[in-house]
Amino acid sequence: MSWNTRELARTWGRAFLRLEALDNRWVPSITDPTFDDGVLTIRGDGEDDVVSIVADGDEITVESGDDSWEFEDVERIDVRLRGGDDTLTVDLTDLDEDAELALDVRTGAGDDEVTVEYGDVGEKGSVDLTVATGAGEDLVEVTAGDIDEKAELAFDVSTGADDDEVTFEVGELGEKARADVAVDLGRGDDTFDWTGVELGEKAQLLLDLTGAGGDDDMTVDVGDVGEKARFDGTIDLGGGDNALDLTVGDVDEKAHVSGDVTAGGGDDDVSLTVGDVGGKAKVAFDVDLGRGDNDLDTDFEDEDRVDLDEGDDEDDEDGDDD
Ligand SMILES: [Ca+2]
Ligand SMILES: [Ca+2]
Ligand SMILES: [Ca+2]
């Protein structure tokens, strides 16, 4: 085998191009974050961005590729990652418990992954999270520790077209704490999962879920509902063959539990479970499953507390109704 200079140059050229290609993947595609008047703005581009945000006390560290930036006195973070399959990880578990930090995330088209982790939220603390993941098969995971008394949580998540997965895991809501949760899964076969622990005395959980078109699968586990606490669930499964599993633990005295479930055409499958209901508690479910071959499974003994419309075709044994 003989090497002449032309072959050598070609071989080196190819090796150099490969190195350059590898190198390009290591260069973070986000531009330097900007910070102005308490607002930290992080921008990606049409490529696959990988961004991590970590809080430690009052300090916020942003990392992407080999770069990292540090900020203090951040009141709000806006993340705009645009197209591409983006990955955002936010770890706020070591954020000051009394910090007030709003987070607004938009990841645009592409298959995106957004993970947000909150630690315990202190008394009168506030959590404000907006996530919009646009089209693409997106994954959103939110976890929070225990929520102290009078704290307020606001979650607003929309995942747009295509098959998305949204998961919430939230600790105990303390006395008079309040969580407002709005989730719109958009079109596509979406999966939603809420796992709570307990609503303390006078705590409130207001859940507003929209499944839109597609075969959606929702699981909502509220946990026990304390004395004078309130759970309001408005769940619109939309068209498609949907499944909903709604579980409420024991309902303490004078608590208020209401579930308003609607589904459009398609074969829907709904399961409703409620624990023991204390004296003077108000519990009411209104279930309207629309057209299709629907099924409602409930172990809730107080049937008069459930207003059920199982739809046109339920148990249609004579077959004259389509
Ligand atoms: Ca991007
Ligand atoms: Ca997306
Ligand atoms: Ca969707």
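Author: Among contacts in the protein between residues at least 6 apart in sequence, 74% join residues at least 24 apart. Two residues count as in contact if their C-beta atoms, placed from the backbone, lie within 7 Å. This is a predicted model, where local features need pLDDT of at least 70, side-chain atom pairs count only at pLDDT 80 or more, and totals for chains, interfaces and linings use all residues. Residues are numbered from 1 along each chain as its sequence is written, and chains are lettered from A and ligands numbered from 1 in the order in which they are written.

Reader: What pLDDT does the protein average?

Author: The average is 89, and 86% of the residues score at least 70. pLDDT is the predictor's confidence in each residue, from 0 to 100. Where pLDDT is low, the predicted coordinates should not be read in detail.

Reader: How many helices and strands in the secondary structure?

Author: The protein has 1 helix and 25 strands. These are DSSP runs numbered from the N terminus: helices are H or I, at least four residues, and strands are E, at least two.

Reader: What is the strand order in the open sheet?

Author: Its 12 strands run β1-β2-β6-β8-β10-β12-β14-β17-β19-β21-β23-β25, with mixed pairing. Two strands pair if DSSP finds at least two bridges between them. β1 (34-36) and β25 (306-309) are at the edges with a single partner strand each, so one side of each has no neighbour in the sheet.

Reader: In what sense do β14 and β17 pair?

Author: Parallel, over 7 bridges, with β14 covering residues 178-184 and β17 covering 204-210. D184 has T210 of β17 as its bridge partner.

Reader: Changing topic. Where is D163?

Author: D163 is in the loop between β12 (152-158) and β13 (165-170).

Reader: Which residues does D163 touch?

Author: Not counting residues up to four places away in sequence, D163 touches E137, G188, D189 and D190. The C-alpha atoms of D163 and L139 are separated by 9.1 Å, though the two are 24 residues apart along the chain.
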